[in-house]
Structures are given as structure tokens and as C-alpha cells.
Amino acid sequence: MANDQRLRLPIGIQTFSEIREGGYYYVDKTPHIERLVHQNKYYFLSRPRRFGKSLLLDTLRCLFEGRQSLFEGLYLHDQWDWQTTHPVIRLSFGSGVMRNREELDRRIRHQLRKERKRFTQATSPETDIPGEFSDLLELAHQETGQPVVLLIDEYDKPILDNILEPERARELREGLKNLYSVIKDADPHLHLVLITGVSKFSKVSLFSGLNNLRDITLLPEYTTICGYTDDDIDTVFAPELPGLNREAIRQWYNGYRWGGPEVASVYNPFDVLLLLQNREFGPYWFESATPTFLVDLLKERGVFTPALTAWHSRPALLSRFDVDDISTDALLFQTGYLTLKGIHEEVPNRPLYELGLPNQEVEISLNEALLPALGVSHAIFDELVIRLPRLLKAADMAGLEAHMKALYAGLPHDWYRNNPIAQYEGHYASVFYSHFAALGVQVTVEDASHRGKVDMAVDFAGHLYLFEFKVVEQLPEGKALEQIKQKGYADKYRASGKPIHLIGVEFSREKRQIVAFDVETA
């Protein structure tokens with residue numbers, strides 16, 4: 001429903017009642033909630049940070065507690081039986097950082113006792129954590145006569161906060177498993193269970209025996225349960241849009257997809273709200289949600305950055321996430337830096353997922369964050385930001401060649417000696433692609449492959465630049481420029497009417513430098 005009155009922007013507010021009573025914009029997620037509560041009993045949902053998972057859980061809490069007035073005007077208001085309420089127990093690991101099992105156990109006990117006080121003043125008998133938890137579920141059921149709605153928020157955060165310290169992460173995983181192991185046997189006392197977090201740890205490692213836990217992360221009907229759709233932006237937030245470039249909002253912030261290409265993609269709510277408040281584009285989500293371990297891990301694994309634009313993965317890899325076995329695909333996908341672009345079946349019933357960067361915010365920010373891992377310091381990058389766009393605007397080819405050579409000459413020799421990524425075939429192409437992408441110019445990677453070869457198109461300031469890369473030690477005879485012409489790369493761009501510059505770039509691994517930079521204008 002379109003809205004013409006300006007309301008308050010709910011930045012960082014995760015409390016449903018505050019949003020509904022405080023005059024804030026609210027995107028109605030209750031149609032999804034209706035489906036959720038009627039289909040199954042045990043659910044698991046993974047979404048990146050700051051996507052509205054906590055608000056979703058709080059909405060469910062208010063619903064089952066029967067707070068009817070908060071739902072006036074929303075889809076579910078007239079579909080719900082407000083006479084029947086359920087006790088709601090909510091556990092969250094979102095705040096603070098726990099460094100060991102003792103701190104975790106203390107946090108768990110604090111939450112269990114606080115919840116217990118809502119149902120009885122009698123103190124809990126001295127027992128272990130599983131005992132206290134199962135007592136609480138049984139007590140809540142007995143005291144109210146209705147089975148419990150159990151909501152667990154940020155179920156995995158204590159492990160993720162320590163993921164670079166495997167010993168500690170394992171210790172915390174065991175502590176959480178100790179708590180979650182109760183859920184299976186508590187079935188008679190439970191009405192609905194929803195567990196949310198960023199990552200998807202294997203059921204075996206955290207939810208042993210809970211085989212009926214339904215993972216809705218990639219189900220098409222739940223793809224928009226968190227996040228805003230294009231329609232939400234155009235209707236709910238319509239009063240805020242005048243003065244902003246609507247297409248730029250889409251390019252910068254839309255593009256997260258959890259399902260096939262037929263499902264709607266969504267915007268990260270945090271980005272949208274801060275854009276509407278500040279009235280300028282910025283990497284709001286990236287700066288607030290990027291875990292430091294992500295960049296460290298990508299650096300350690302020598303990720304070929306052009307491949308980020310077209311990455312292929314098996315479904316099994318996307319869910320392979322545990323302390324001792326984090327696949328790069330799962331890490332990038334679950335944290336929100338790669339998203340689902342398409343699903344192919346080369347072999348029947350064996351889908352292959354095509355992943356890519358969701359939008360411009362992530363492409364610019366992730367590449368900028370990875371530049372130091374590629375040897376390009378922030379000081380060098382600050383100069384590039386000023387110099388490179390000028391050269392591209394003027395189509396100054398000699399200047400561009402000098403600029404690129406200076407960039408490679410600036411990579412410190414020590415860095416080559418100490419860095420595994422420098423030995424990697426794709427290093428030269430990664431530096432080339434990432435420093436263009438980090439500027440925010442439109443870069444299309446034509447042919448991302450792990451053989452150290454990539455073709456790249458840059459569309460900027462009325463000019464098109466087509467690059468072909470070669471490493472001369474691998475292909476001493478191949479002339480990069482000849483290949484662009486032979487393969488007719490320029491043909492698909494001719495209709496644009498823009499000048500097309502063909503550039504063959506040849507690197508020498510031994511000299512650590514560009515040894516040929518051949519240019520022709522098509």
C-alpha cells in the first residue's frame with residue numbers, strides 16, 4: 001500500500017512494538033509469518049548480518065503473545081486467532097563477545113533464569129544447563145497450559161567471533177551444542193521453534209538428533225522474509241524517494257537472492273534506511289557488518305578476485321561450514337558477499353549454483369578491502385582514485401600504461417617474498433580487476449577462469465575499454481591484442497556508438513611487471 005506521509009526511519013530498531021507504536025515505517029512481513037506458522041514446527045533460517053532477523057523474531061513474539069493492536073492494518077490481523085496465546089521463550093547471543101566456555105555458560109544461565117522468572121518466582125533447582133533449559137520449557141508449558149514458542153537469535157555468533165582460533169571455537173561450539181541438544185527431547189512442550197543466524201553449521205555439529213529442523217534459507221517462498229523488495233521501496237518508502245536516483249539505489253543496494261532467478265531479489269534494510277537518512281550513497285552495510293576474519297581468510301587462500309563476479313558452486317559446498325572446514329563458497333555466500341545468480345543442471349538432479357557479487361556496494365567495498373592483500377597499500381590506492389578516472393575520461397593510453405606500470409612497480413618486494421597470493425597465477429589479473437572495481441567504474445569480467453587469464457570490459461565516461469591479459473611465461477607466443485581481435489570481443493559493443501579501445505596487457509612473472517601494453521581503437 002503506497003504511503004504519502006513521511007514517517008520515522010527505523011534505523012537499528014529491532015523491537016516490533018517500538019516500530020508500530022512510534023510512528024516508523026514498517027514493511028509488512030506477516031504474509032511470510034502466516035505460512036511459517038502453519039507449515040511446520042521446527043525451522044532454521046540463515047541470513048547475513050543486519051538483514052532484519054531479530055525484528056522477525058520479535059514480530060513472532062508479539063504475535064504469539066496476542067498483542068493484537070500492534071498488527072492493525074497488517075495482513076495477518078484478520079487471519080489470526082487472537083484468543084489463543086503461547087508462552088514465548090527467546091534466547092539471543094547477539095550482544096558481547098564470549099571468549100571461553102565459562103563466559104558462554106554464564107550467559108546461557110543468565111538468560112534461562114531471566115526467562116524462568118516470567119513463569120515462577122521459585123528458584124531453579126541446581127542442575128546442569130540442559131537440565132535448566134528442559135525444566136524451563138516444561139514449566140512454561142505447565143504454567144500457561146500451552147506449548148512454547150522457542151526463538152533463538154544469532155545462534156552461531158559465539159563461534160563466529162572466535163572462528164580464527166579453532167581451539168576456542170570448538171570449545172564454544174560444544175557449549176552451544178550442550179544447550180541445543182535439549183530441543184529434540186522437548187518436543188511435547190514445543191509449539192514452534194525458529195533458529196536464526198549468519199552461518200549454517202552442520203546439524204551433526206550443533207543440533208544432533210534434530211533431523212526435522214527445516215532449513216528455509218534457500219526456499220523460494222521465503223526468499224523475501226528478510227530484506228526489502230523493489231515494491232517495498234516504491235510503496236512503503238515512496239515519500240523518501242524524491243531527490244534520489246531510483247536506478248542508482250537499485251544498482252548500489254539491490255541484488256541479494258536466496259532462490260533461483262525467478263524469485264525476487266532484496267535490498268539490505270540497513271543500507272536503504274541510512275541512504276534515506278543521509279541522502280548520499282555509501283557502503284553502510286559493508287562498513288558495519290564485515291567480519292575481519294573474512295578478508296584474512298580470502299588473503300590466506302589467494303582468492304582470484306575476478307572470479308567473484310561469476311563463481312560456480314555445488315549446493316553441498318554452500319552449506320559446508322564448520323570450525324575445521326569452511327569452504328570459501330560457504331563463507332562468501334553466508335556472509336552476503338556472494339549471492340545466487342542462477343541455477344543450472346548439467347546433470348539431472350545435480351544442480352550447480354552460479355554465484356556473483358550482489359551489487360555495487362559489495363563490489364566496490366570488497367575489492368577495496370582486498371587491495372592490501374594484493375599488495376596495493378591504502379596510500380597507493382588513494383592516489384589511484386584521483387589519477388585513474390582522469391586517464392579514462394581523456395582516453396590517455398600512454399598515461400594509462402604508465403599508471404599501470406607504476407602500480408605494479410609499487411608492490412613491495414618484501415610483500416612478494418612473504419605472501420602466498422603473489423605466487424598465485426591470477427595475481428596480476430586480480431590487482432588489475434580489483435583496483436578498477438574498487439573505484440566504482442563499471443567493470444564486466446568476460447571470462448573469469450583460474451588459469452590466470454581474464455578478459456575485462458570497462459565502461460566509463462563515454463568510452464569502452466576491452467582488456468585481454470596474458471602471462472608471457474605461460475604463452476610466450478600469444479599476443480594479447482591479437483586474441484581480442486581474433487575473438488571479435490568488440491563486436492557486441494559496437495551498437496553502443498562509444499569509442500572502443502582494445503588493450504592487450506602482457507605480464508612477466510619473473511620481472512613482476514607489464515612487459516607489453518598494446519593498444520588499438522576499434
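I start with a definition: on a 1 Å grid over the protein atoms alone, a cavity is a set of points where a 1.4 Å probe fits but cannot get out, a pocket is an open set with protein on both sides within 12 Å along at least five of seven lines, and lining residues have an atom within 4 Å of a point. Grid points are joined across faces, edges and corners, and a volume is the space filled by probe spheres set on the points.

Two words on the source. This is a predicted model, in which local features need pLDDT of at least 70 and side-chain atom pairs count only at pLDDT 80 or more, while totals for chains, interfaces and linings use all residues. Residues are numbered from 1 along each chain as its sequence is written, and side-chain values use heavy atoms, with hydrogens and water left out.

Now the cavities. The rule gives two cavities of 30 Å³ or more. The volume of the largest cavity is about 60 Å³. Its lining consists of Pro 48, Arg 49, Leu 160, Val 198, Trp 285, Ala 289, Pro 291, Phe 293, Thr 335 and Tyr 337. For classes, Ala, Val, Leu, Ile, Met, Phe, Trp, Tyr, Cys and Pro count as nonpolar, Asp, Glu, Lys and Arg as charged, and the others, Gly among them, as polar. On that count, eight residues of this lining are nonpolar, one is polar and one is charged.

Next, the pocket. The largest pocket has a volume of about 980 Å³. Which residues lie nearest its centre? They are Gln 14, Lys 53, Ser 54, Leu 55 and Asp 153, out of 40 lining residues. By class, 17 of the lining residues are nonpolar, 12 polar and 11 charged.

To say where they come from I need elements: helices (H or I, at least four residues) and strands (E, at least two) are DSSP runs, numbered from the N terminus. Helix H3 (53–64), strand S2 (88–92), helix H4 (101–117), helix H12 (269–278) and helix H13 (284–289) each give at least two residues to the lining of the largest pocket. The largest share, five residues, is from H3.

Two strands pair if DSSP finds at least two bridges between them. Five strands make an open sheet in the order S2-S3-S4-S1-S5, and the pairing is parallel. Why is one side of S2 and of S5 left without a neighbour in the sheet? Because S2 and S5 (214–215) stand at the edges, each with a single partner strand.

Inside this sheet, S4 pairs with S1 over five bridges, in the parallel sense. S3 (residues 148–153) also pairs with S4 in the parallel sense, over five bridges. Please find Ile 195 in S4: Phe 44 stands opposite Ile 195, and Ile 152 stands opposite Ile 195 too. Of the eight residues of S4, seven are buried, where buried means under 20% relative accessible area, exposed over 50%, and partly exposed in between, with a 1.4 Å probe and protein chains only.

H3 lies across S1, S2, S3 and S4, and runs at about 165° to S4. For that angle, axes are lines fitted to C-alpha atoms, for helices over the stretch in contact (heavy atoms within 4.5 Å), and angles run from 0 to 180 degrees between N-to-C directions.

Helix H2 (residues 30–39) has buried residues Thr 30, His 32, Ile 33, Glu 34, Leu 36 and Val 37. These pack against S1, H3 and S4.

Last, strand S14 (residues 500–508). How many of its nine residues are buried? Nine of the nine are. In a regular strand the side chains alternate between the two faces of the sheet. Here Ile 500, Leu 502, Gly 504, Glu 506 and Ser 508 point one way from S14, and His 501, Ile 503, Val 505 and Phe 507 the other way.

S14 has a parallel pairing with S13 (residues 463–471) over eight bridges, in which Tyr 465 has His 501 as bridge partner. With S15 (residues 513–521), S14 pairs in the antiparallel sense over eight bridges, and Gly 504 stands opposite Asp 518. The hairpin of S14 and S15 has four residues between the strands, and Arg 512 there takes a positive phi near 55°. That is where I stop.
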